[in-house]
Amino acid sequence: MTTARHPRARYRTILRFAARYIAQEWWFAVVLPRLGLGAIAHRGRAARIRGIAVHFHAVALDLGGLMIKVGQFMSSRLDVLPPEITSELEGLQDEVPAVEFEQIRELAEAELGVPLSRAYSFFDPMPLAAAQAVRTREWRFKRHQGHWSINNQFWDPARMDAAPGQGDVEIWTFDNRSGGWFHPIHVHLTDFKILDRNGQPPQPYEVGPKDVAYAGEGEVVRVIAKFGPRRGKYMMHCHNVIHEDHDMMTNFEVGTGGPDPVTTAPPKPVTDPLPPLVRPPSTA
Ligand SMILES: [Cu+2]
């Protein structure tokens, strides 16, 4: 993580950058004109300034944080800075690389000297917000034609009912307003966060990362998830065994070209009978 670099190394990078370009400008703007070579210095000025901006851009991305802010500030000063600099720096904010939360946690805990859970009365272990979602999907869980269905459809391993892009954040609504059954909904691949239950905040015991959401009778539960990091075909199903077997299960595919469990781990026939779960008491 770039911003975790030791402060001295950061200062050295900034000083090297400043020294290099102060010397360069001294040479081109002071020395060469005195030697009667001002025209040469002037001819290359635009390219030189653009070079400084490109280098600053790279340094800001490398150091992150405050240096990005400095670059953004400079990009807005069209009144005092040449366009070679402002145009080079104007896209700076969009290029900050994402940092894994575990790295942020490590740095924060090192600086605080205590685990985050002790430093704060509440710390969201899954920082996903509804505003990050790129789409929403509705899933209706319903007793249908003597079986259990999702969106009035039954399990078909060949049918993909959703295709989130790899890394997309989506909101999924689990709608169980159709009858007197409850469904613990289990999503493979990724953990999710419960946004709300019947429009109300989730219960205190269900605020952490989940892989099952209880959708009680008549309930609507909204969850949010980031679909990744892997691609491939995954399932969502009710975790009541009778329901998932008849036939409350569906497929979704994340990204394209990922693994397919039907081909990578196909079902095998049972050749040996399984031992009985309970052995009869010995009569010997
Ligand atoms: Cu169910």
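This is a short walk through a helix and its neighbours, and then through a sheet, in a predicted model.

Let's begin with helix α4, which covers residues 66–75. Three of its residues, Met 67, Gly 71 and Ser 75, are buried. Looking down the axis of α4, you will find these buried residues within an arc of 80°, so they line one face of the helix.

What do the buried residues of α4 pack against? Their partners are α3 (45–63) and α5 (83–89). Take α3: its axis and that of α4 come within 7 Å and cross at roughly 145°. On the α3 side, the contact is made by Phe 56, His 57, Val 59, Ala 60 and Leu 63, while α4 brings Met 67, Ile 68, Val 70 and Gly 71. Sorted by class, this contact of α3 with α4 holds seven nonpolar residues, two polar ones and no charged ones.

Now let's move on to the sheet. Five strands form an open sheet in the order β2-β1-β3-β7-β5, and their pairing is mixed. At the edges stand β2 (147–150) and β5 (192–197); each has a single partner strand, so one side of each is left without a neighbour in the sheet. On average, neighbouring strands here are turned by 20° against each other, direction ignored.

One place to look is Trp 139, whose bridge partner in β3 is Phe 174.

Key. Residues are numbered from 1 along each chain as its sequence is written. This is a predicted model: local features need pLDDT of at least 70, side-chain atom pairs count only at pLDDT 80 or more; totals for chains, interfaces and linings use all residues. A residue is buried if 20 or more other C-beta atoms lie within 10 Å of its own, exposed if 12 or fewer, and partly exposed in between; C-beta atoms are placed from the backbone. Helices (H or I, at least four residues) and strands (E, at least two) are DSSP runs, numbered from the N terminus. The arc is that of the directions from the helix axis to the C-beta atoms. Two residues are in contact if their C-beta atoms, placed from the backbone, lie within 7 Å. Axes are lines fitted to C-alpha atoms, for helices over the stretch in contact, and angles run from 0 to 180 degrees between N-to-C directions. Ala, Val, Leu, Ile, Met, Phe, Trp, Tyr, Cys and Pro count as nonpolar, Asp, Glu, Lys and Arg as charged, and the others, Gly among them, as polar. Two strands pair if DSSP finds at least two bridges between them.
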